[in-house]
Amino acid sequence: GIFLILYGIFISPPKDFTKGTAFIIKGGATLSQVSSDLSSAGIVRSPRLFKLFLLSTFNQDDLISGEYLLHSKQNMFTIARRVIRGNFGFDVKRIIILEGSASHDIPKLFDSSFVHFVEEDFINLASLKEGYLFPDTYFFYTTVKAENVIDILTKTFEDKIYPFTEDIKNSKRSLKDIVIMASIVEREALHDEDRALVSGVLWKRIDIGMALQVDAPFAYVSNKSTYELTTEDLRADSPYNTYTRRGLPPTPISNPGLSSIKASIFPEKSNYLYYLSDKKGTIYYAETFEGHKQNRLKYLGK
């Protein structure tokens, strides 16, 4: 009987508890602030008892910031467990970002159920992150914001690239150049077994001062495939036109996967200087321009 009385006075949901509402725990908020805010919002009856319960069971640092949805009336113990476990109460959806996706492609994966995700915000924030938004399978709460997604994608990139820190240093190439090269390799070579060899050909062209002469950057700036390019396109003066300018483009042209990144760090040496790809993605290599022309005639008919 005493427990029921105490439960009704201190632990049970307040009478003005409104289901379907949400409350936010801000990053860095103290337990006292959170307890007071929950009481003011009519979510817990006693801020002191709520604070005492958490202090006796958990640490203040265990509080997980974020937005919590209240589907139904919940007592003090349930609320406490949720803020410690990060049980936000919102749906979680799987988002698959494919290797080679450009930053402007990624927002299209987030539908209207992501209530706080603003496509324009993502595009603006991601403009300087091209190449560093790691493609993978992610699970996001439907309350996630554009900046949160970018933070998670870039943190994943950092985690994936960290084991290769010394290898990148030993390659004598900058991380930026490796990511740019990887973004090209991702688009130029569809199959893992070709990527290191294509990377080797392209790095060789860079080292001997030859133009890269790759078509992939055109898809990034004009959305044109290899088979849609015209003579005018190939002559257009642009930092991304690797026919008219030597060296790498100024930025990555996609967000490469780990296979392409590794291929750019560890290129395969060969005698090849040319390659071409047919419509099925099969790549044919040649050591000389004459051999390359024969491959074009044989496999592309031109």
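This is a predicted model: local features need pLDDT of at least 70, side-chain atom pairs count only at pLDDT 80 or more; totals for chains, interfaces and linings use all residues.
Residues are numbered from 1 along each chain as its sequence is written, and side-chain values use heavy atoms, with hydrogens and water left out.

**Entry 1: backbone angles**

I found Lys172 in the loop between helix 7 (165–170) and helix 8 (175–188). Helices (H or I, at least four residues) and strands (E, at least two) are DSSP runs, numbered from the N terminus. Lys172 is not a glycine, yet has a positive phi of about 70 degrees. Most residues other than glycine have a negative phi. I then turned to Gln213, also not a glycine, with a positive phi of about 55 degrees. Gln213 sits in the loop between helix 9 (192–207) and helix 10 (216–222), and counts as partly exposed at 36% relative accessibility.

**Entry 2: helix 13**

I traced helix 13 over residues 289–300; its 12 residues reach 15 Å from first C-alpha to last, close to the 16 Å expected at 1.5 Å a residue. The expected span is 1.5 Å times one less than the number of residues. Which residues of helix 13 are buried? They are Gly291, His292 and Asn295. Seen down the axis of helix 13, the buried residues fall within an arc of 100 degrees, so they line one face; the arc is that of the directions from the helix axis to the C-beta atoms. The buried residues pack against strand 5 (274–277) and strand 6 (283–286), where contact means heavy atoms within 4.5 Å. On the face turned away from the buried side I found the exposed residues Gln294 and Leu297. Gly301 follows helix 13 and has a positive phi, near 70 degrees.

**Entry 3: nonpolar cores**

I noted that a nonpolar core is a set of buried Ala, Val, Leu, Ile, Met, Phe, Trp, Tyr and Cys residues joined through side-chain atoms within 4.5 Å. The largest has 44 residues, and Phe110 and Tyr275 are among those that touch the most other members. Helix 8 gives the most to this core, with 7 residues. Leaving out residues up to four places away in sequence, Phe110 touches Ile95, Phe117, Phe140, Val144 and Val149. Apart from this core lies another of 21 residues, including Ile25 and Ala80.

**Entry 4: salt bridges**

I used this rule: a side-chain nitrogen of Lys or Arg within 4 Å of a carboxyl oxygen of Asp or Glu. How many salt bridges result? The count comes to 8. In one, the side chains of Arg173 and Asp207 meet at 3.0 Å, N to O. Arg173 lies in the loop between helix 7 and helix 8 and Asp207 in helix 9, so the pair ties together parts 34 residues apart in sequence. Arg173 is partly exposed at 23%, whereas Asp207 is exposed at 52%. I also saw Glu290 and Lys293 meet at 3.5 Å, N to O; being 3 residues apart in helix 13, they are separated by about one helical turn. Finally, salt bridges that share partners join Glu186, Asp192 and Arg195 into one network.

Key. Buried means under 20% relative accessible area, exposed over 50%, partly exposed in between (1.4 Å probe, protein chains only).
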